There are 2 protein chains.
Amino acid sequence: MTTKAKRWVLASRPEGKPKLDNFRLEDVTLSDIGEHDILIRTEFHSVDPGMRGRLSGDSYTAALPLGETVDSAMIGIVEASNNEKFKVGDRVTGGFGWVSHAVSNGRGVQVLDPAIYHGKLRPSAAIGVLGIPGLTSYFGLLDLGEPKKDDTVLISSAAGPVGATAGQIAKMKGCRVVGIAGSKDKCDYVKSLGFDATINYRDTKDMAAAIKAACPDGVDIYFDNVGGSMLDAAILNMKDHGRIVVSGQVSEYNRGPDELVGIRNVTRFITHKLRMEGLVVFDYFKGFKAAQAEMAGWIHAGELQYTEDISDGIEGSAAAFVGLFEGENHGRRLIKVS
Amino acid sequence: MTTKAKRWVLASRPEGKPKLDNFRLEDVTLSDIGEHDILIRTEFHSVDPGMRGRLSGDSYTAALPLGETVDSAMIGIVEASNNEKFKVGDRVTGGFGWVSHAVSNGRGVQVLDPAIYHGKLRPSAAIGVLGIPGLTSYFGLLDLGEPKKDDTVLISSAAGPVGATAGQIAKMKGCRVVGIAGSKDKCDYVKSLGFDATINYRDTKDMAAAIKAACPDGVDIYFDNVGGSMLDAAILNMKDHGRIVVSGQVSEYNRGPDELVGIRNVTRFITHKLRMEGLVVFDYFKGFKAAQAEMAGWIHAGELQYTEDISDGIEGSAAAFVGLFEGENHGRRLIKVS
């Protein structure tokens with residue numbers, strides 16, 4: 001029995017911001033699954049700004065080959081199984097990309113436990129607040145940021161899934177939290193999560209001055225999802241021994257090697273004893289289960305909120321990705337495939 | 001009994017590179033010392049590139065007031081004492097600046113122990129390899145750099161007092177050490193200290209490629225005294241989990257806030273899990289004595305070498321400082337005052 005499926009592939013390499021025609025939706029026919037295989041029907045897949053790097057590659061990063069399926073996390077239902085670890089109807093998560101169906105031998109596929117994913121914790125959260133974005137917030141803030149009670153924590157892309165989660169965790173740790181976002185609506189959302197103050201960067205001519213006004217005593221932790229001039233403005237406001245968590249650099253992802261903005265104020269690393277550290281969440285793989293259990297507890301207790309921005313239909317995956325770089329998403333952006 | 005003395009004061013604030021006329025040599029007459037005071041006759045004072053920041057100040061760094069004595073470390077002999085902790089003839093060190101004589105109540109003044117400072121360890125080393133420059137090397141490399149056996153360590157300003165010491169300590173820890181310096185003579189000196197390879201940046205058009213050639217497996221630790229485009233080139237060659245020790249930023253000190261070069265390649269902090277941290281050596285104050293004892297042992301055993309670049313006469317202090325920014329010094333630059 002064959003299965004008609006769809007998948008998005010990389011059609012051409014973006015230069016600058018990604019465009020729709022960098023991607024192509026293909027019809028594929030999947031044949032019968034083999035021994036030990038499972039067939040998964042996608043419920044949701046994610047679109048992630050951090051995936052931008054793989055679309056171009058450079059001399060240091062392996063590029064996604066042209067014609068290959070675009071990467072992402074997905075959640076789906078097992079429709080057929082020749083693998084004793086999975087039964088038909090199981091809800092699973094894996095890294096199969098922008099696809100309507102996936103065939104797998106089960107490696108890297110996890111079954112979602114209904115004892116965890118119920119009530120306030122929707123299954124889609126497995127690729128959001130309990131997935132890579134949420135784990136990035138958790139380990140970035142707690143391990144690299146080292147928050148202490150009464151620290152001032154500044155967060156860029158605060159309405160995005162990583163920033164919103166990091167900010168709420170910082171509040172639980174007794175910090176004063178200031179979020180930067182790109183519209184009044186987003187700032188209102190961020191405040192509704194319990195952030196103490198917000199900065200709408202689209203209304204702000206002088207970011208360094210705006211940060212100083214919002215953080216008059218300076219910044220202990222800057223959780224950076226943006227990079228470039230916003231990072232530089234934050235550096236000017238860091239307190240002695242301030243920590244910068246480099247979680248994302250969305251303002252830089254669409255720039256070529258000669259167009260990168262970067263930062264100017266490196267001398268302040270000496271005068272203010274600053275530390276800046278990049279986060280690769282897979283370094284913390286062994287701690288994922290414990291972190292997910294702790295965050296699941298917060299969500300069920302109503303202490304950690306998350307928002308999903310869901311588009312219907314796999315036909316819209318490329319447009320949803322392109323729109324990320326216009327700042328149009330509001331929460332974790334997912335595609336509802338079936 | 002009065003004492004005729006000389007001191008250098010800040011006459012005007014430098015814009016860009018410091019010039020001779022930013023400084024003024026003054027004659028002063030010191031009156032009799034008071035109760036508990038000591039009079040010190042300077043043997044040596046230092047000139048330090050890191051002092052450049054204090055000459056300008058900005059909205060974040062307190063500037064040295066115009067007309068005030070220029071800061072530095074000094075070594076001298078106690079010529080008169082009303083303080084029971086010091087006797088005439090003691091050799092002492094303190095932070096009295098570019099002066100021929102200093103009067104002090106003894107606070108912050110240390111007597112040099114002849115049991116330590118003898119033989120290969122000259123008293124002048126107290127404001128060099130056992131002073132702030134050497135302690136910067138020691139704590140920057142060992143605490144922030146975290147060297148492990150077989151790590152590749154890249155060091156800029158490798159012929160300077162901080163870089164040369166850091167490189168030799170890295171060799172003792174079993175690392176492969178590559179030094180960057182600005183002339184063939186300096187590179188030869190660096191090799192004579194045991195560095196494995198050198199890069200003469202004045203002969204190099206593409207620093208990133210030159211670092212790649214000298215460090216084909218990448219860089220684990222970059223001990224940075226320079227900043228700007230050299231730091232950016234190093235970042236492109238850092239291995240995963242590489243550590244950048246921001247010890248100095250001599251290429252940036254003479255730039256105004258809008259002229260800073262900084263770095264572009266911040267995205268590599270994510271892709272390569274990099275850490276960059278500024279060093280303020282006074283954070284390690286409680287560890288100074290132990291570090292000095294360990295380094296003194298290395299020097300007496302012939303395992304750690306140091307070089308001093310000594311000019312005669314306090315009349316030349318300003319010229320010696322100005323020359324630092326032309327890269328003309330070779331080792332720790334000291335002024336022999338008497």
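## Helix packing in chain B

The model discussed here is predicted. In chain B, helix 5 (residues 207-214) packs with helix 6 (residues 228-235) at an angle of about 45°. Their axes lie 8 Å apart. Helix 5 of chain B and helix 6 of chain B are therefore oblique to each other. The crossing of helix 5 of chain B and helix 6 of chain B is right-handed.

Which residues of helix 5 of chain B meet helix 6 of chain B? They are B:M207, B:A208 and B:I211. From helix 6 of chain B come B:S229, B:M230, B:A233 and B:A234. By class, this contact of helix 5 with helix 6 in chain B has 6 nonpolar residues and 1 polar residue.

## Strand pairing within chain B

Strand 5 (residues 91-94) of chain B pairs with strand 4 (residues 74-81) of chain B in the antiparallel sense. The pairing of strand 4 and strand 5 of chain B runs over 4 bridges. One bridge joins B:M74 to B:G94 in strand 5 of chain B.

Strand 5 of chain B also pairs with strand 7 (residues 110-111) of chain B. This pairing of strand 5 and strand 7 of chain B is antiparallel too, over 2 bridges. Here B:T93 stands opposite B:Q110 in strand 7 of chain B.

## The contact between chains A and B

Chain B puts 28 residues in contact with 29 residues of chain A. Two elements of chain B give two or more residues to this side: helix 7 (268-271) and strand 13 (275-278). Strand 13 of chain B gives the most, with 4 residues. By class, the side of chain B that touches chain A has 12 nonpolar, 10 polar and 6 charged residues.

Strand pairing also crosses between the chains. Strand 13 (residues 275-278) of chain A and strand 13 of chain B pair in the antiparallel sense, over 3 bridges. A:M276 stands opposite B:M276 in strand 13 of chain B.

## Relation of the two copies

How can chain B be laid on chain A? A turn of 180° with a shift of 0.0 Å along the axis does it, with an RMSD of 0.0 Å. The two copies are thus related as by a two-fold rotation axis. The same surface serves both copies. Of the contact residues of chain B, 100% recur in chain A.

Key: Residues numbered from 1 in each chain as written. Chains lettered and ligands numbered in written order. Predicted model: local features only at pLDDT ≥ 70, side-chain atom pairs only at ≥ 80, totals over all residues. Axes fitted to C-alpha atoms, helices over the stretch in contact; angles between N-to-C directions. Parallel < 35°, antiparallel > 145°, perpendicular 65-115°, else oblique. Left-handed = near helix turned anticlockwise from the far one by under 90°. Contact = placed C-beta atoms within 7 Å. Nonpolar A, V, L, I, M, F, W, Y, C, P; charged D, E, K, R; others polar. Pairing = 2+ DSSP bridges. Least-squares fit on C-alpha atoms with pLDDT ≥ 70 in both.
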